[in-house]
Every structure is written in C-alpha cells, then in structure tokens.
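Hi,

Here's the structure I said I'd pass on.

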Amino acid sequence: MSQRPEAADDRAGRETPLPQVVRARAREAQQRPAATAPAPADPAPELPVARVLVDLPLAHLDRPFDYLVPARMHDTVVPGSRVKVRFAGQDVDGFVLERAGASEHAGRLSPLRRAVSAEPVLSPAVARLCELVAARYAGTRSDVLRLAVPPRHATTEKRPSPAGDPWAGDLASAAAGWGGYPGGPELLHGLAGGASPRAVWSALPGESWPCLLAAAAAATLASGRGSLLCVPDHRDVARVDAALSAALGTGRHVVLTAEAGPARRYRAFLAVARGAVRVVVGTRAAAFAPVHDLGLVAIWDDGDDLYAEPRAPYPHTREVLLLRADDEGCAALVGGVARTVEAEYLLRTGWAAELTAPRPAVRAAAPLVSVTGATDRELERDPHARTARLPRSAFEGIRDGLARGPVLLQTPRQGYATILACETCRSPARCPPCGGPLRQTAAERPPSCRWCGTEQRSWACPECGERGLRAPVLGDRRTAEELGRAFPQVPVRTSSGERVLATVDPVPSVVVATPGAEPLVDGGYAVVVLLDTWLMLARTDLRTVEESLRRGLAAAALARGEADGGRVVAVGDPAHPALQALVRWDPAGFARRELEERRSAHLPPASRLATLTGAEADLADAVATLRLPPGAEVLGPVEVPPHERGPRQVATDPAQMRLVVRVPRPAGADLSRTLVEMQGVRSARKLPMVRVQVDPVGLG
DNA sequence: ATGACCAATTGA
DNA sequence: CAATTGGTCATG
C-alpha cells in the first residue's frame, strides 16, 4: 500500500535517478516481506486447476486464465463459485468456470488467492449466455457478468433457501384462458409434454395476461422444467406474482428485481441458483436468472423501453431471452397487446409461430376507437372544452363516459409539455441552427432552444410558413385541475412519475395518467381519451411511431369492449397510419408494414447496425481497422446531439462524434466479431476507447 | 490495468 | 556512452 507515494516520488525525481531495473528490484525487495506470500502451494489432490474468468474491464483480457487450487480450497472452489486471484500484480475478483486436471498453459500457475464462497452463482448455462450476449453486443464477458450475477450478500448466503418440492405443476386449473387463441391449448400441452414451442402472442385487449403467463409456467412445470418470465416494471411483476401464487401455490416461484434491495434480491437469486425454485418473474435483470432445467422464457410487452439495459454492453431483454431459448433449447413466448417489428421478424423468419385470436374475438374485446382532429374551431364552441383545451368530441366523450363509469385520459409526459408547435399545422417547433425543440421559459421572453439556448424572435414554420406558436399540452396536473373545474361532480386523480396508482375503483371518476402509469380498473374504463397523439407521433426517430401506437394500444386496452360500451377517443391526425392501426385494432398489420419499411431503409431488424461514439480522430482510426463484411456501409460521423451527451463536458474535450456501421442481417455476427477485435486491439494498445452500441434502441 | 522488454531517440 | 521515450507484449 505504501508503494504509490514512493512511486510518485520516483517520478518527481527527488531521489537520485537510478536505472529502471535497479529501481524495480529495490521495490520488489521492499514488497516481499510486506506481502505475506502463502505457504508454497500444496495443490488439491484432484482437479488441481481452476479456469477463472477474471473481472477486468479490458477487452483483450476477456478470456479464462488457469490457477492452481490449494488443497485447503478444494471443497470450496466449485464451478461457478467466486474467487480472488492475483493478476498482473493486483488482487482481482473472478468466477471459476470449471475445474480441470491439467492446464494448457506452459508457464507456472499461481495459486488462487482466496475462495470467496462455495456458492455456484454462475451456472454453466448462464456462463454460456454471458458469452453469447457479449459476442452479440460486442462487449466483454465481465461487463455482462455484472448484469447477470447480483452483488454478493454474505449474511444471506449463510441461510438455507426454503426447500419445497419444486415440481407437480397443475395443468388443468390454468388451461382455460388460452382457449381463446387457436393454437393456445396446443401450446400448453406442448409445454406440459416437454416440447419447446416458440410463439409471438398477440394478446386480446383487456386480456388477463398475467394469468396466461402463469398458466404457461404451470404447464412447463408439469413437464419438470422451470420458467423465466420478464415484464417491464414492478407493477407488472406484482400482477404476475399474484397470478403465479394462484396457479402454483405459495413458495413455488420467486420475484427477481433490482428494486427489492441487495439482501432480498440476493436471497431470491440464491433460491433460483440452488434450484429451490424454478419459476422466476422479474424485470430486465431477471433475464439472466440461473433457472435450473429451463423450459420456457417469456417476455411481456417487449416494446417497452425499460427492456433496454442502460449499462454496457446495452443488451435488450428480448434478445437475451431469445439467445437463451436458442442455446438452452427451451420454449419462447413473446407476448403483448402491441407487436414490435422484432417480434414480427421472428414470424417472418419462421423462428416463431403466430398466436392470435380470431378477428371477431378481437372486435368483440376491443373498444370502439375514433380519432378527432384538434382544431381550434371545435374548441371555441364549448366554453368548458375551451378551458380544458379539449376538442369538443373528446369533451363529450368524457361526459358520456362518466355517466357509465371511470374515464382515463392519457397525456404525453411532462417533458413534452413545454415543447412549442406551429399554431396552424402542429409541426413541433425546432431551432433552425441545431434542430432542438423550442420552449417557452417565461411568458415575456421569446421562445428559446432547449439544446443550444438560442432565442428565436422571428421563428417561422418550415412546413407552412406561419409564425404563430402555441404550447400544445399542459402538464398532467394542470390538465387534471382544469378537468376538475369542468366536471366538478366527480373525483379527478392523476397517476404519473413518482405517484403511480395501481388501481382505481370502478366508479365514475376521471384519471389523468402518463403513458405506462395508467391505473387498472376492474371491468375496464368506460372511455379512454388519448390526448395530443400528434405530438408523440411527430418526434424524430423511427421508433417513436411504433412506440406511440404501443402506448395508445396499452391505454385503449384498458377500456371495456365495444359491446359493453367501451369507447376510445384519440386526439390527432385521422390520416396517420398509427392512428388508423389503432382504429382498426391491427397491431400485426402495422408491424408488418413497419418491418417492410425498415427493410427497405436498411434498418434493424432487417439489418444489423452499430454506432461508434468518440472523438473524430479516434473514430476514423477505429473504423479503419474494422474488417467489414461485404455489404457493409459506414454512415457519418455526425456530431452527437447535446442532449444525448454524457454529463458535463470540459471545454477542451474534443466534440463527441458518432458514426453508424450497417450490415445485412446475416452478416451481423461478423460485424460484432470485428468490433470485438477492434476493441481488443485498442485496449491492448492503450488507445482511447470508442463506445460501441449494437442495435441501440433510441437511434435518431 | 501493471510491468517488462526492446528499439529508437535524446543528451552530455 | 548512458538515460529516456515509445511501442509491443504478457499477465495463468
């Protein structure tokens, strides 16, 4: 520990300069008594070699290293356990991949420094999965391992996991809900019989999908196999948790989320790793859960952006689960009310089968959807509507719905609320120099750009030439206040951000919610109003149209069916394809068209794409060393928009630039391989790293 | 990362 | 000539 200041002194030249070799010897001599070298290794009698994956951030060291297992660690050092080893002069953490009788390595092996515990936290299947994910996303196994294995909690490890009989799934009680889907009962029987079907499931609006997921898990359990169910957030986890308790009884499944806190999280993880439970529900971190005898992976609403992991190498939960299904040969279920283009691609390639209800059943379960334009002329007719800034038909819809039950208003998130738009054509107002959104900061000031701060005194709409601006949406609180004045006889509540309501009572009331925060209501909403959809639909990147439809469908699916009087009013452009898909309740058709567009635009999932981010010179250098497969294109570099940059840039930092590399989908593995190779070379040569993201979610 | 080694470069 | 710097390589 005392070497560091001395080394600094050496560099500062306070001592008489000595030849480097002499200095190194001197330091070594000082170090030897301090570092209590363990007694000369007395290797384990059997399998004395441990293959260890060392936790290092360096791309070129992403491979196993062999160590000698001292005899006293023989029982503790099991495959998948944690160890500490000496590597390049420092103590580092590692996982034991396997024990071996001999090493390929020619040199002498160092002994393991310490066996941390005998708990096999990294199963062979998960170790393979980490390798596959690292390869797919051009990252390192140690980065993926940080996502896959939760931090150790020693106290929890000492306690045994409650062991029950993990088997005996009950198929009969759960089968009912799947009867509404042709192929559904067959899916369940396949799972119960040990088969591994793969399906993209378009759930009916209002479907009690947690029960169907639980039924699938129960069927899989009946075949002696485990299940892994991923859902977007902890509200959904709670619903599936309850459904699993109903289907399996208590103690047969476990909840795995990061929110639970380190002790509870590790406790649940250990129960799975030890095979005490074989059914897991959780959020994106659960995708790596070491479920024994995995028979089924399932993901609900795979278009939710919560599935995009924000830490390197930025894997997507759906892709992790699909890699796993391929590797472990288990069943896969990709379900949702909406359908992502990636799910559509699974159908197109024949990887999965389609599981959809017949058209009449969809019609019967879906609410009646209408679209209304938001013209000021309509607003003027009704003073109440004007106060709430609602089109008249939406206002009337709310009034009509309140006579029959609760009404839901979905408003864009608060972040959207301050963006200005053209008064005439509703195009979002953007800053001419940088393209950032314009906003009004104070009533007396001219509008300014949120990215570069430039004030715009003489803005004119590039679409229609008009000069008028309007603040299109009020925040959800303000909307709620104004609705409260318009409908004083009913309660008005909000659900958004920090205060999300899980449910509301099935009585007349108004609920204002942001996307993803809509409360559930028993029996469904009488009316659902989607406010200002044009605002969300006008955002720049390609994903947002699909995303808007997904959110619209999710809210609309909470309304009663048409036969029960369920109505949905969407405020926006009736000609917009996303709103037409909503009116027809045709998420599959929309996904098909969207996939076709992506294909012709050479965008994922029809192509595989990676972004490289860094200083311009480093990018040029990096891309020059790539061995790109045939058909590859390099686009850019362009400057990274200010709002996407990391926190606080020093003025002297070179501008962050981004370029895009794109290849046909079959060459995706080649692209990832050459990116890994490039990162390895850069890391070994101590060159500045460039950030690599394969198929990033929010491109644009 | 850290450290070792080698070759080219600098300095008196 | 020695000392320094910079690139490359290995780390078990």
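Bear in mind that this is a predicted model. I'd start with the sheet: seven strands make an open sheet, running β8-β9-β7-β10-β11-β6-β12 in order, and the pairing is parallel. The edge positions go to β8 (253-256) and β12 (353-356); each has a single partner strand, so one side of each is left without a neighbour in the sheet. On average, neighbouring strands here are turned by 15 degrees against each other, if you ignore direction.

One pairing I looked at in detail is β7 with β10. Strand β7 covers residues 226-230 and strand β10 covers residues 294-300; they run parallel and are joined by five bridges. G226, for instance, has L294 as its bridge partner in β10. There's also a helix packed on this sheet: α10 (residues 317-328) touches β6 (198-202), β7, β10 and β11 (331-336). The direction of α10 makes about 160 degrees with that of β10.

Now for the domains. Chain A splits into four pieces: domain 1 (5-36), domain 2 (171-362), domain 3 (367-415 + 475-584) and domain 4 (607-694). Note that domain 3 comes as two segments, 367-415 and 475-584.

How do domain 2 and domain 3 meet, and how many residues are in contact? Eight residues of domain 2 contact 12 residues of domain 3. On the domain 2 side of that contact you'll find four nonpolar, three polar and one charged residues. As for the spacing, the C-alpha centres of domain 2 and domain 3 are 30 Å apart.

Cheers

Technical notes
Residues numbered from 1 in each chain as written. Chains lettered and ligands numbered in written order. Predicted model: local features only at pLDDT ≥ 70, side-chain atom pairs only at ≥ 80, totals over all residues. Domains from an automatic or database assignment. Contact = placed C-beta atoms within 7 Å. Nonpolar A, V, L, I, M, F, W, Y, C, P; charged D, E, K, R; others polar. Pairing = 2+ DSSP bridges. Helix = DSSP H or I, 4+ residues; strand = E, 2+ residues; numbered from the N terminus. Axes fitted to C-alpha atoms, helices over the stretch in contact; angles between N-to-C directions.
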